[in-house]
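Have a look at it first, then read on.

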Amino acid sequence: MTDTPTITKSDLPVTTKADWTSDQEVRWCPGCGDYSILTAVQLLMPELEVRREDTVFISGIGCAARFPYYMNTYGLHGIHGRAPALATGLAMARPDLHVWVVGGDGDMLSIGGNHLLHSLRRNVNLNILLFNNQIYGLTKGQYSPTSELGKVTKSTPAGSIDEPFNPISVALGAEASFVARTHDMDRQHMMEMFRRAHDFPGAAFVEVFQNCNVFNDGAFNAVTKRDRRASMLIQLEHGKPIRFGDDNEKGVILNRYGSAEIVEVADVGEDAVLVHDENRQDPSLAFALSRLAAGPFEPTPVGVFRAVERPEYATEASEQLAMAQEVWGPGDMHKLLHSRATWEVA
C-alpha cells in the first residue's frame, strides 16, 4: 500500500468547472436528470480543494456509468455491477486518491448488490453515488430493483410483483457509516450532500432521485416538483426538530411502536417532535426515518440520515500489514511463487 503524501493548500491549483469538464460530448437523452447531477459535481469539485490528478471516477454499466467520460479526471468504466469492487481495490492500493463510484439502481442493486453491501460494511473510503430512476434506462425500459409494485414495463407487462428495494434502508442494513439522499431538481442540495460525502472519512452512500424522462418520466414529481417540495420533502438537519410543510405545521415523531410517524405539530406539541441526530451510533433511528415513506409519492426524507465515524478499511488493513511485516518479516514473493503446492502460514 502507498503512504499518503502530504499536500498543502498552496500545492493546489485554483480551478473552475471548465477544468473538471472533459472534452467528450455528453451523450444522455435530452432532459435526462443525469445532466443536472453532472453539473452539480463539476461545480463542486473546485470547492473541494483536491487535484484532478488525485481524483478518480469509477462506474459499471448503465446510463449513469457514462459519468467518468465527462469528468476531466482519471476514470474507469468497469463491468456491470463491479464498480464498488474495483473502487475498493484502488482505494486500498492508493489511499491518497479521492475515489468516487457512480452507478444506477439496476447496476448497483441488482448484479452489483453484493459488491455494494460489502464496500459499505467494510467502510472503504469511497464516495458512492447511486442514481435512482426506478427503471433500466440503457436497455430501454425494463423494471429495476427499485421499481414500484405493479410497474408495467417491457419485462413486466402484467405489472411487477417484486417488492422494491429502499436504497437508504439497504445501505443502513449494511452498516453504512454515512447515508444520505438528494434529488436532481435541487443543485445546491446535491452539492451539499456530495460535499458531505467527500469530507466523510469512510464509505459514504448518497442516493439521488434522478428522472428518466424517456422511460420513467415524472417518477418523482409528487415530491420533487417545486410547488410540492415544502409539503412533500422532509429536510433532515442535524440537531433540529424534523418539521415540514408550507408553515412547518407537520412534524415527525417516534410512536409507541418505535416507528417514525408524521403528525400535526399542533396536535402533539413542539416538544414531542423528533430532533434529528445523524451521529447516533445505533442505526435504528435512521432506519425508522428511511421507512417513513412507502415510496416517492408520500412525504419523503432527504438529507443525511446517518454520519458516524468508525475505523476506515484501508487504514486498518495497512496497520495490520505493517504489524505482520514486523512480526514475520517482509516475505519473499519469489520464494512463494516457486514453492510447492502447499505451505504453512506461521
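A search of the whole structure finds one cavity of 30 Å³ or more. On a 1 Å grid over the protein atoms alone, a cavity is a set of points where a 1.4 Å probe fits but cannot get out, while a pocket is an open set with protein on both sides within 12 Å along at least five of seven lines; lining residues have an atom within 4 Å of a point. This is a predicted model, where local features need pLDDT of at least 70 and side-chain atom pairs count only at pLDDT 80 or more, while totals for chains, interfaces and linings use all residues. Residues are numbered from 1 along each chain as its sequence is written, and side-chain values use heavy atoms, with hydrogens and water left out.

The largest cavity has a volume of about 50 Å³, a volume being the space filled by probe spheres set on grid points joined across faces, edges and corners. Among the residues that line this cavity are His276, Asp277, Leu285 and Phe305. Helix 12 (284–290) and strand 11 (300–307) are the elements that give two or more residues to its lining. Helices (H or I, at least four residues) and strands (E, at least two) are DSSP runs, numbered from the N terminus.

The lining of the largest cavity has four nonpolar, one polar and five charged residues. For the second largest pocket, with a volume of about 480 Å³, the classes are 10 nonpolar, eight polar and six charged. Here Ala, Val, Leu, Ile, Met, Phe, Trp, Tyr, Cys and Pro count as nonpolar, Asp, Glu, Lys and Arg as charged, and the others, Gly among them, as polar. Of the 24 residues lining this pocket, Pro164, Ala293, Ala294, Gly295 and Pro296 lie nearest its centre.

Next come the strands, which pair if DSSP finds at least two bridges between them.

| Antiparallel pair | Bridges |
|---|---|
| Strand 8 (residues 243–244) and strand 9 (residues 250–254) | two bridges |
| Strand 9 and strand 10 (residues 260–264) | five bridges |

Arginine 243 has glycine 251 in strand 9 as its bridge partner, and lysine 250 stands opposite glutamate 264 in strand 10. Strands 8 and 9 form a hairpin with five residues between them, and glycine 245 in the turn has a positive phi of about 110°. Strands 9 and 10 also form a hairpin with five residues between them; there, glycine 258 in the turn has a positive phi of about 85°.
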